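Here is a short briefing for a first look at this structure. Keep the sequence and the model in view as you read.

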Amino acid sequence: MEEITLFYATTNKAKLHNMYYRLRNHPVKILCPDDLNIHIGVDENGKTAVENALLKASAYFQAVKMPTIAGDSGMNIQGLPQEEQPGLYVRRVNGKILTDDEMIDYYSGLAGRAGKDCILNYFTGIALITGKGTFTKVLKEVPLRLSPVPNTNRKHRGNPLDVISLLEDGRYFNDLSDEERTALDEAGEAEFTNWIVSNLF
């Protein structure tokens, strides 16, 4: 099987790290905007994560002329009223783009108000465009509980909310290794990886 180059339309280090790890056993070379010095301002005005992913994937596919994948994520938090749900605007609050520390402070504050029922549900819309066509998928991750107390270890792979996300056993998500993260949702990870590979080759 010949190697295929896949352009990933993101500069998010966490997403790139996860994609490299996910496809590590397949003949896929991953490039991103920084690798080609191509940065396109895409107006992500879709109503869903999939629509936004399609907007990004289409713009970059036209520019790089190679298989292109893009994603857009959002989240819902159980225990919060609808007007406080982040939806597709996780980092944007009241018109302001939050820094990593501001995100941790804001969402840990929400968790403190919501109490033990503050359950975080991530969803991601994915769009993959190749010579074979356009493919989309919605991913839902394992629910996590938001903690009002941030981990003393504030290192993360690009998602600051990992610092306040707890597993059922009380561990913070940002303390997990790549292997532990994959094992957490092994079936979902395998399904997503197979979906990418089957549509690439």
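Isoleucine 129 sits in strand 6. This is a predicted model. Isoleucine 129 has a relative accessibility of 7%, so it counts as buried.

**Isoleucine 129**
- Neighbours up to four places away in sequence are set aside for the contacts of isoleucine 129.
- Beyond them, isoleucine 129 touches Ala57, Ser58, Phe61, Met66, Pro67, Thr68 and Thr134.
- Helix 3 spans residues 49-64, and strand 3 spans residues 68-78.
- Glycine 74 is 55 residues from isoleucine 129 in sequence. In space, their C-alpha atoms are 21 Å apart.

**The whole protein**
- The secondary structure comprises 6 helices and 9 strands.
- The chain has 201 residues, and a compact globule of that length would have a radius of gyration near 17 Å. The protein has 17 Å, so the two agree.
- Along the principal axes, the C-alpha atoms fill a box of roughly 50 × 35 × 25 Å.
- Of the 201 residues, 44% are buried.
- Take the contacts with a separation of 6 or more: 60% of them join residues 24 or more positions apart.

**Helix 6 and threonine 193**
- Helix 6 covers residues 186-200 and has 15 residues.
- From first C-alpha to last, helix 6 reaches 21 Å. That is close to the 21 Å expected at 1.5 Å a residue.
- The buried residues of helix 6 are Phe192, Thr193, Trp195, Ile196, Val197, Asn199 and Leu200.
- One is strand 1 (4-8), helix 1 (13-22) and strand 2 (28-31). The other is strand 3 (68-78), strand 6 (119-130) and strand 7 (133-140).
- Threonine 193 lies in helix 6. Its relative accessible area is 9%, so threonine 193 is buried.
- Apart from neighbours within four places in sequence, threonine 193 is in contact with Arg22, Leu23 and His26.

**Leucine 110 in helix 4**
- Leucine 110 belongs to helix 4, which covers residues 100-114.
- Is leucine 110 buried or exposed? Leucine 110 is buried, because its relative accessible area is 1%, under the 20% limit.
- Leaving aside neighbours within four places in sequence, leucine 110 is in contact with Leu80 and Glu84.
- Leucine 110 and glutamate 84 are 26 residues apart in sequence. Their C-alpha atoms are 8.9 Å apart in space.

**Two residues with positive phi**
- Lysine 65 has a positive phi of about 55°, although it is not a glycine.
- Lysine 65 is placed in the loop between helix 3 and strand 3. Its relative accessibility is 65%, so lysine 65 counts as exposed.
- Asparagine 94 is another residue other than glycine with a positive phi, near 55°.
- Where is asparagine 94 found? Asparagine 94 is in the loop between strand 4 (92-93) and strand 5 (96-97).
- Asparagine 94 has a relative accessible area of 81% and is therefore exposed.

**Lysine 47**
- Lysine 47 has its place in the loop between helix 2 (33-36) and helix 3.
- At 76% relative accessibility, lysine 47 counts as exposed. The cut-off for exposed is over 50%.
- Aspartate 185 is 138 residues from lysine 47 along the chain. A distance of 27 Å separates their C-alpha atoms.

Key
Residues are numbered from 1 along each chain as its sequence is written. This is a predicted model: local features need pLDDT of at least 70, side-chain atom pairs count only at pLDDT 80 or more; totals for chains, interfaces and linings use all residues. Side-chain values use heavy atoms; hydrogens and water are left out. Helices (H or I, at least four residues) and strands (E, at least two) are DSSP runs, numbered from the N terminus. Buried means under 20% relative accessible area, exposed over 50%, partly exposed in between (1.4 Å probe, protein chains only). Contact means heavy atoms within 4.5 Å. The radius of gyration is taken over C-alpha atoms; the globule rule is 2.2 Å times the number of residues to the power 0.38. The expected span of a helix is 1.5 Å times one less than its number of residues.
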